[in-house]
There are 6 protein chains.
Amino acid sequence: MPTVHITRRERFSAAHKLSRPDWSAEKNYATFGKCSNPNWHGHNYDLWVTVKGIPSTETGFVIDLSDLGKIMKARVVDKLDHKNIDLDVDFMKGIYSSTENLAIAIWKELEAPVNELGGRLFCVKLQETENNHVEYYGE
Amino acid sequence: MPTVHITRRERFSAAHKLSRPDWSAEKNYATFGKCSNPNWHGHNYDLWVTVKGIPSTETGFVIDLSDLGKIMKARVVDKLDHKNIDLDVDFMKGIYSSTENLAIAIWKELEAPVNELGGRLFCVKLQETENNHVEYYGE
Amino acid sequence: MPTVHITRRERFSAAHKLSRPDWSAEKNYATFGKCSNPNWHGHNYDLWVTVKGIPSTETGFVIDLSDLGKIMKARVVDKLDHKNIDLDVDFMKGIYSSTENLAIAIWKELEAPVNELGGRLFCVKLQETENNHVEYYGE
Amino acid sequence: MPTVHITRRERFSAAHKLSRPDWSAEKNYATFGKCSNPNWHGHNYDLWVTVKGIPSTETGFVIDLSDLGKIMKARVVDKLDHKNIDLDVDFMKGIYSSTENLAIAIWKELEAPVNELGGRLFCVKLQETENNHVEYYGE
Amino acid sequence: MPTVHITRRERFSAAHKLSRPDWSAEKNYATFGKCSNPNWHGHNYDLWVTVKGIPSTETGFVIDLSDLGKIMKARVVDKLDHKNIDLDVDFMKGIYSSTENLAIAIWKELEAPVNELGGRLFCVKLQETENNHVEYYGE
Amino acid sequence: MPTVHITRRERFSAAHKLSRPDWSAEKNYATFGKCSNPNWHGHNYDLWVTVKGIPSTETGFVIDLSDLGKIMKARVVDKLDHKNIDLDVDFMKGIYSSTENLAIAIWKELEAPVNELGGRLFCVKLQETENNHVEYYGE
């Protein structure tokens with residue numbers, strides 16, 4: 001019974017900043033540099049979600065990518081796209097919006113509904129710019 | 001003795017459809033959506049094959065990428081490129097052409113001849129569109 | 001009054017072949033090579049549509065890209081995506097599906113509705129593979 | 001004396017929104033959709049600047065790309081990168097931040113210093129997402 | 001009779017340097033910076049060649065892209081690929097290997113044989129890195 | 001305590017050849033083909049460095065990507081960019097410049113300074129062309 005990893009990409013564009021409210025502007029700038037700009041900045045994020053499982057003998061699918069896309073949109077992308085990550089996103093309340101933390105939070109949003117589809121969530125990969133990305137495997 | 005993973009990409013363009021002959025058109029459409037179009041559709045596929053091994057002290061190579069490319073072409077790409085996956089491809093006869101199943105079938109074609117080159121086949125990655133890809137590790 | 005060119009990309013995946021019914025299989029193969037495979041092949045096509053115009057002082061837009069996207073989908077992409085260009089597409093009936101001819105036919109579908117939006121259709125760019133594309137400027 | 005077009009790309013990440021202060025939230029949303037989110041959103045922008053000229057017989061250069069890069073950074077990129085286009089950027093004060101208007105404003109910033117280098121500014125291309133871009137030729 | 005632009009990409013990897021033999025090392029470094037390294041450096045170049053013409057009513061082609069590819073390989077790519085542009089390439093003897101000059105020289109190699117195919121050479125685009133490219137239109 | 005993989009890309013352009021001085025030109029050509037060209041060739045290399053660790057509760061970072069970038073530049077990229085890998089690079093002296101060996105050597109340069117930052121070096125991925133890349137995990 002072969003196991004296959006299948007991945008779907010969705011995209012969103014959002015504003016955020018890296019700035020702790022309990023720190024001074026100076027300390028925020030010393031720590032986060034230009035990412036601490038008080039008036040925000042933003043990115044086009046690419047999100048790849050990988051699910052691991054055994055292809056169905058009936059359909060040849062590990063998971064229906066259309067269903068996976070719907071879950072990604074409903075749980076994650078529609079909440080982040082053209083939003084402010086720090087102000088507008090329920091699952092990021094009280095969480096500091098580093099790419100690392102955002103990927104972990106996205107995993108938590110997706111894990112239960114993706115696993116209900118029959119496969120197993122394997123990896124959340126989040127790319128912030130063409131030079132930077134993170135991967136979280138749920139561990 | 002360090003172990004390195006080395007990857008080569010080849011590309012092919014092919015037609016296929018997702019449609020079981022033992023199902024009605026309605027059931028196929030309900031299951032596979034637009035992928036079940038009776039008159040076929042097609043894709044540009046990107047195929048990455050990764051081989052794992054110890055670089056030769058003589059050449060610095062895990063495997064000669066030129067040899068790997070020749071095997072990929074002879075065993076896989078030349079059989080798929082500008083073909084109909086469901087009608088023209090010997091190693092896909094009787095196999096349902098989901099991306100998952102195609103990646104598994106490509107692994108089976110490549111495993112023996114790649115391992116004869118001295119490395120060990122590690123991963124077949126097959127990308128169907130910029131938003132969708134699968135990976136198969138032979139397990 | 002500055003003039004700006006604005007471009008939107010949409011994508012579709014389709015099957016086709018290059019093969020004239022009034023020619024023998026041999027002549028078709030001699031002329032079109034592997035593209036003449038009787039059982040079809042396919043591609044992921046990238047379509048860029050460029051509109052030229054003066055940005056509105058009210059909105060800053062040459063054209064609403066959302067409206068342009070809707071026209072591209074309704075007139076072109078939904079008719080081509082996961083279809084057989086030679087069998088399924090009304091505006092390609094009797095037209096030979098070279099990339100050149102397909103770009104010209106797409107221009108004809110888009111010209112009137114795009115120009116109604118207020119800008120002027122400037123270019124249809126159609127990419128068939130990462131190595132091949134055509135551009136048509138309506139002339 | 002051959003004329004060559006030479007292009008350099010720089011990138012920046014910024015926040016903005018499309019929302020007129022003299023309109024109601026409802027009218028802004030009806031016109032600009034999700035781009036009108038009051039708490040901002042953002043993008044990774046790719047900026048290509050093309051200069052046209054005759055290669056120097058001494059250096060083979062139309063323009064020193066290093067000099068062009070410095071001008072692009074000093075006049076445009078450093079002012080936009082990790083900033084809010086609507087709040088932080090001197091040359092966008094009172095200008096509505098559609099991609100069209102931003103490209104025109106960037107042209108105005110670059111025209112004089114680029115032309116001093118010896119070539120002639122030919123095109124400002126600004127890409128907001130992988131699906132959308134504008135080009136401005138100074139006319 | 002519609003006119004279409006059709007483009008084919010080929011790639012080559014080559015070494016070169018920017019350094020005039022009649023200048024001192026100091027002057028070369030002051031002018032060309034790291035590009036003047038005496039021991040060479042190198043790039044993966046992407047070459048796009050665009051041909052303009054009327055699609056044949058018989059084949060739908062402006063030009064057979066397979067023929068264009070053969071010309072590009074025989075006249076240009078095979079001479080440059082895995083070569084030293086300054087030492088190994090007949091058509092670059094005595095020409096300084098800026099990207100501008102290389103594009104002009106490629107145009108001269110391609111103009112006659114491409115025009116014999118029936119279309120008309122329109123543009124040579126040469127990309128040296130993801131941030132830099134030139135275009136030459138034969139004027 | 002979740003563990004995240006974070007990756008940064010840097011780029012360099014360099015010359016090299018694959019040619020053993022203790023072999024004849026004929027044997028080198030038979031083994032390495034066009035890569036053995038005596039006058040060198042070159043590439044644009046993309047280097048991705050992945051670090052594994054637990055995001056700081058204070059900053060949300062596994063590692064400061066700005067610090068990682070500085071280490072990558074000081075230890076690796078500045079030594080390779082616009083250089084000859086076989087002649088100019090201290091950490092490649094006596095090492096044969098296959099992509100495999102180069103990735104291993106880069107790992108050795110980065111391991112200690114990256115681990116001092118607090119994370120743990122996980123992968124060095126080095127891409128030589130769009131069709132070829134290697135990954136080294138330090139084992």
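## A salt bridge within chain B

The side chains of Arg9(B) and Asp46(B) meet in a salt bridge, with 2.9 Å from N to O; a salt bridge here is a side-chain nitrogen of Lys or Arg within 4 Å of a carboxyl oxygen of Asp or Glu. Arg9(B) lies in strand 1 (residues 4-16) of chain B and Asp46(B) in strand 2 (residues 41-53) of chain B, so the pair ties together parts that are 37 residues apart in sequence. Strands (E, at least two residues) are DSSP runs, numbered from the N terminus.

Arg9(B) counts as buried, at 5% relative accessibility, and Asp46(B) also counts as buried, at 14%. Buried means under 20% relative accessible area, exposed over 50%, and partly exposed in between (1.4 Å probe, protein chains only).

## Basis of the model

This is a predicted model, in which local features need pLDDT of at least 70 and side-chain atom pairs count only at pLDDT 80 or more, while totals for chains, interfaces and linings use all residues. Side-chain values use heavy atoms, with hydrogens and water left out; residues are numbered from 1 along each chain as its sequence is written, and chains are lettered from A and ligands numbered from 1 in the order in which they are written.

Glu130(C) counts as partly exposed, with a relative accessibility of 28%.

## Other salt bridges and a network

In chain D, Arg20(D) and Asp22(D) form a salt bridge whose closest N and O atoms are 2.8 Å apart. Asp22(D) counts as exposed, at 53% relative accessibility. Salt bridges that share partners join Arg9(A), Arg11(A), Asp46(A), Glu130(B), Arg9(C), Arg11(C), Asp46(C) and Glu130(D) into one network. Over all chains, the count comes to 53 salt bridges.

## Surroundings of Asp46(F)

Asp46(F) is found in strand 2 (residues 41-53) of chain F and counts as buried, at 13% relative accessibility. A polar contact of 2.9 Å joins its side chain to that of Arg9(F). A polar contact is a pair of N or O atoms within 3.5 Å; within protein, one must be able to donate a hydrogen and the other to accept it, and residues adjacent in sequence count only if both atoms are side-chain atoms.

Not counting residues up to four places away in sequence, Asp46(F) touches Arg9(F), Glu10(F), Arg11(F), Lys125(F), Leu126(F) and Gln127(F), where contact means heavy atoms within 4.5 Å.

Definitions and conventions. Helix = DSSP H or I, 4+ residues; strand = E, 2+ residues; numbered from the N terminus.
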